[in-house]
Amino acid sequence: DGHKILDVSGSYGVNVIGYEGFKSIGNRAHSETLKDMGPVLGPIHPDLRGALSMLSEVAGQPECSLHMSGTEAVMCATRLARFNTKKKYIVSFGAAYHGWYDAVQPGVGNERTPTDIIVLKDMSPASLRVIRSRAHEIAAVLVNPLQAFTPNQPPPSDGTLIRKARDSGVTNARKAFKEWLLKLRSTCTQTGVVLIFDEVYTGFRLARGGAQEYFDVKADMICYGKALAGGMPIGAVCGPAHLMRRFDPDHPLRLCYLVGTFSAHPSIVTMTKKFLEDIKKIDYQKKHDVYDVWVGLMNKELEERGHPVRLAHFASVWLFQYTEPGRFHWLMQYYLRSRMVNLAWVGTGRLSFSLDFNSEHLAVLRESVLLACQDMEEGGWWWTSGPNHASVIKSMVNKEIAWSLTVSAGRKLKSMVGFGAKSTSHACKTV
């Protein structure tokens with residue numbers, strides 16, 4: 001339609017190297033290999049060895065297993081950990097997301113209550129004590145390194161902005177989370193518990209070697225997905241031979257059945273190989289330095305203009321923070337969209353730079369953010385009631401909730417009374 005839009009949604013984490021980079025990968029994969037080859041489901045694809053060799057080198061592990069999504073990768077890693085340790089429980093941390101697999105998704109969205117997962121508090125010494133005391137029954141500890149950004153919280157959706165500000169707590173996140181991961185690594189090593197990094201989102205985004213390289217902490221098993229196949233659906237697990245084993249050498253009939261028709265599909269294998277070749281050319285630290293400078297300049301300008309907004313970032317992942325509670329902060333996402341900025345479903349709570357963002361893109365983004373803030377101000381949406389603003393908002397929201405519940409209960413009661421009257425009338429006529 002002739003419009004241009006700046007995408008900071010990250011395509012759910014897939015878009016690491018940018019649209020043009022993915023187009024290049026797809027075009028090269030097709031022209032060099034795929035156009036002359038059929039499905040090849042079964043025989044070994046000629047690009048498989050090269051792709052697995054590079055993935056093994058990135059992960060720092062000798063063996064790899066390919067799957068169709070990040071969720072499948074987590075399913076594979078947790079099943080293999082249980083199978084090879086002969087222990088029942090998986091430890092995860094509060095609000096961390098590991099895909100839709102019900103065994104690692106306790107809480108909202110899962111009607112089945114998993115009985116073989118222990119959910120602990122992130123970055124807590126008490127959690128380390130639990131792992132030590134129950135190590136005899138814990139197969140693995142599952143970590144999503146993205147939680148460094150918002151420990152013990154889900155992705156900060158704009159729906160939560162109705163009554164409060166947002167502070168990601170991202171200050172010194174890298175240093176603090178690295179210290180936590182080192183303690184977790186030490187605890188797992190001492191107790192013989194497998195440490196799994198779920199790098200479906202952070203892999204190839206934080207660094208070429210993912211969170212392992214970024215935090216300088218080595219995991220026992222690593223799950224990948226999203227960006228790895230250049231925009232095609234993929235999941236991968238990397239680990240040592242004794243944890244990747246699908247059979248029990250002491251009991252030949254005891255097997256761990258992990259297969260998939262489309263795993264290692266030729267198009268996916270070729271795209272993976274091209275992607276892993278291309279990311280060797282990226283200077284991640286240089287990119288992160290650019291984001292550091294841009295966020296710093298943006299925050300200075302936002303403060304000078306008096307907008308209650310600040311930006312925080314963690315490598316190429318970033319979000320909007322709000323310096324004071326606001327009744328209408330959630331509207332910011334819509335003003336940004338009106339200024340041709342594409343956001344994910346959580347609004348301003350989780351955004352991503354693709355690694356092809358340059359000074360021109362950042363200049364356009366700067367202008368769009370400032371214009372959206374200006375729109376909010378001119379619309380009166382930065383409204384404040386004074387020094388007790390937070391209490392006023394809380395009271396307003398509580399009254400609205402109470403009124404809504406009262407109206408809903410009234411309608412339900414009216415419906416029940418009406419139904420009773422109709423039933424009585426019908427019974428009288430029948431008699």
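The expected span of a helix is 1.5 Å times one less than its number of residues. Helix 8, with 13 residues, reaches 18 Å from its first C-alpha to its last, close to the 18 Å expected at 1.5 Å a residue. Helices (H or I, at least four residues) and strands (E, at least two) are DSSP runs, numbered from the N terminus. Welcome to a predicted model, in which local features need pLDDT of at least 70, side-chain atom pairs count only at pLDDT 80 or more, and totals for chains, interfaces and linings use all residues. Residues are numbered from 1 along each chain as its sequence is written, and side-chain values use heavy atoms, with hydrogens and water left out.

**Helix 2 against helix 8**

- Two packed helices are described by the angle between their axes and the distance between the axes.
- For helix 2 (residues 48-59) and helix 8 (residues 266-278), the axes come within 9 Å and cross at roughly 45 degrees; axes are lines fitted to C-alpha atoms, for helices over the stretch in contact, and angles run from 0 to 180 degrees between N-to-C directions.
- Helix 2 and helix 8 are therefore oblique to each other (angles under 35 degrees count as roughly parallel, over 145 as roughly antiparallel, 65 to 115 as roughly perpendicular and the rest as oblique).
- L48, G50, A51, M54, L55 and V58 of helix 2 make this contact with V269, T272, K273, L276 and E277 of helix 8.
- By type, the residues of the contact of helix 2 with helix 8 are seven nonpolar, two polar and two charged; Ala, Val, Leu, Ile, Met, Phe, Trp, Tyr, Cys and Pro count as nonpolar, Asp, Glu, Lys and Arg as charged, and the others, Gly among them, as polar.

**Helix 9 against helix 11**

- The axes of helix 9 (residues 284-304) and helix 11 (residues 359-378) cross at roughly 25 degrees and come within 12 Å.
- That angle makes helix 9 roughly parallel to helix 11.
- From helix 9, V290, W294, M298, E301 and L302 meet L362, L365, R366, V369, L370 and C373 of helix 11.
- The residues of the contact of helix 9 with helix 11 divide into nine nonpolar, no polar and two charged.

**V16, a buried loop residue**

- V16 sits in the loop between strand 1 (6-7) and helix 1 (19-32), and at 0% relative accessibility V16 counts as buried.
- Leaving out residues up to four places away in sequence, V16 touches F22, F204, R205, A227, S354 and L355.
- Between V16 and Y201 there are 185 residues in sequence but 9.6 Å in space, C-alpha to C-alpha.

**Two loop residues with positive phi**

- A315 is not a glycine, yet has a positive phi of about 60 degrees; A315 lies in the loop between strand 11 (309-314) and strand 12 (317-322) and, at 4% relative accessibility, counts as buried.
- M340, also not a glycine, has a positive phi of about 65 degrees.
- M340 belongs to the loop between helix 10 (332-338) and strand 13 (341-342) and counts as partly exposed at 31% relative accessibility.

Conventions:
Contact means heavy atoms within 4.5 Å. Buried means under 20% relative accessible area, exposed over 50%, partly exposed in between (1.4 Å probe, protein chains only).
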